[in-house]
Amino acid sequence: MGRLICAGLGPGAADLMSLRAARVIEGAREVAYFRKKGRKGMARTIVEGMLHPEAVEHAMEYPVTTELPFASPAYREALALFYDDWADRLAAIARESDVVVLCEGDPFFYGSFMHLHSRLQDRLEIEVIPGITGMSGCWTATGVPITWGDDVLTVLPGTLPEAELARRLQDTDAAVIMKTGRNLPQIRAALETAGRLGDAWLCVRGTMEGQRIAPLAGVDPEDCPYFATVILHGNGRRPSLDDLA
C-alpha cells in the first residue's frame, strides 16, 4: 500500500522549494499536478528537470477555470465531479505505490489539493509537505516588511463582493489580496473606497522569471494575469535605533 504525498512547491522559484519536497519529487515514480487544458501548468513548470526519468505523469486538467462564474451551480458541479474522479484515480494508484501531487505555494493555503485531501483523508495515508506561500514570496519581493509592531494582517480573496472588500480593507493595517486576474477592477475600486489605493502594490509572477512589481494605482486594470497578488503594507510602530540597541 502506497501513500499520497502532496509537495508544496513554494512561491514559484524552484530554489525556494524545501529540501524535503525536492527529495520526494526527485524520487517519485508517480507524479500528479493540476493544469488548465492546453497548458503545461505552473506546478509542472516549476519542477522542470527534477523528475525521475521513469516518472509517470498524471495531468489533472480542470474542466473549467474562468469560463463560468465562480459561484455558479454549473461551475461547482463540474469541479466537484472533477475532484471526485481524480480522488478515485489517485487512490487506485496509491494502492500500488506512492503518488506525489504537486501544489504551488502551500497545499493548505487556498490550494486545489485541499479538495482531494477532504475526499481521501479517510481512505489512505496522506503526507503533506508545507511550502512557502506565494504571498510571502510577493511581499518579500517588494523589499518592504508586510507588518510592523502590532499591525493586523488580513488575507482576502479578490472574488469577494466589492463592498465587502472595501469594509475589510478599512478595518485592517496590512492586507494581501489573492485571486486577482479579472477581479482587479473591483479590487482597485474597493481600495479606492477604503482610501488605500495609493498604498497598494501589484506583484505579478512573484519570485519567478518575468517578475513585475508596480504601484497598483498606475497599473492598467486589464493588465493582470492570474498569478498576481495585491500587497498593502502595514504602517504600525516601526523599530527605532533605541529598540534595536
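How many of the residues of strand 7 (residues 174–178) are buried? In this predicted model, local features were taken at pLDDT of at least 70 and side-chain atom pairs only at pLDDT 80 or more, while totals for chains, interfaces and linings use all residues. Residues are numbered from 1 along each chain as its sequence is written, and side-chain values use heavy atoms, with hydrogens and water left out. Helices (H or I, at least four residues) and strands (E, at least two) are DSSP runs numbered from the N terminus.

Strand 7 is mostly covered, five of its five residues being buried, where buried denotes under 20% relative accessible area, exposed over 50%, and partly exposed in between (1.4 Å probe, protein chains only). A174, V176 and M178 point one way from the strand, A175 and I177 point the other way, and all are buried. Pairing of two strands requires at least two DSSP bridges between them. Strand 6 (residues 153–157) runs parallel to strand 7 and is joined to it by five bridges, with L153 opposite A174. V230 in strand 10 is the bridge partner of I177.

An open sheet of five strands shows parallel pairing and the order 3-2-4-1-5. From one strand to the next, the twist averages 20°. Axes are lines fitted to C-alpha atoms, for helices over the stretch in contact, and angles between N-to-C directions run from 0 to 180 degrees. Two bridges join strand 2 (residues 30–35) and strand 4 (residues 99–103) in the parallel sense, and A32 has V101 in strand 4 as its bridge partner. Helix 3 (residues 73–94) lies across strand 1 (4–8), strand 2, strand 3 and strand 4, at about 165° to strand 3; contact is defined as heavy atoms within 4.5 Å.

With a disulfide defined as a pair of cysteine sulfur atoms within 2.5 Å, the count is zero. C103 is in no disulfide, the nearest cysteine sulfur, that of C6, being 4.7 Å away. C103 is buried, at a relative accessible area of 3%. C203 is likewise in no disulfide, and the nearest cysteine sulfur, that of C138, is 3.6 Å away. C203 is buried, with a relative accessible area of 1%.
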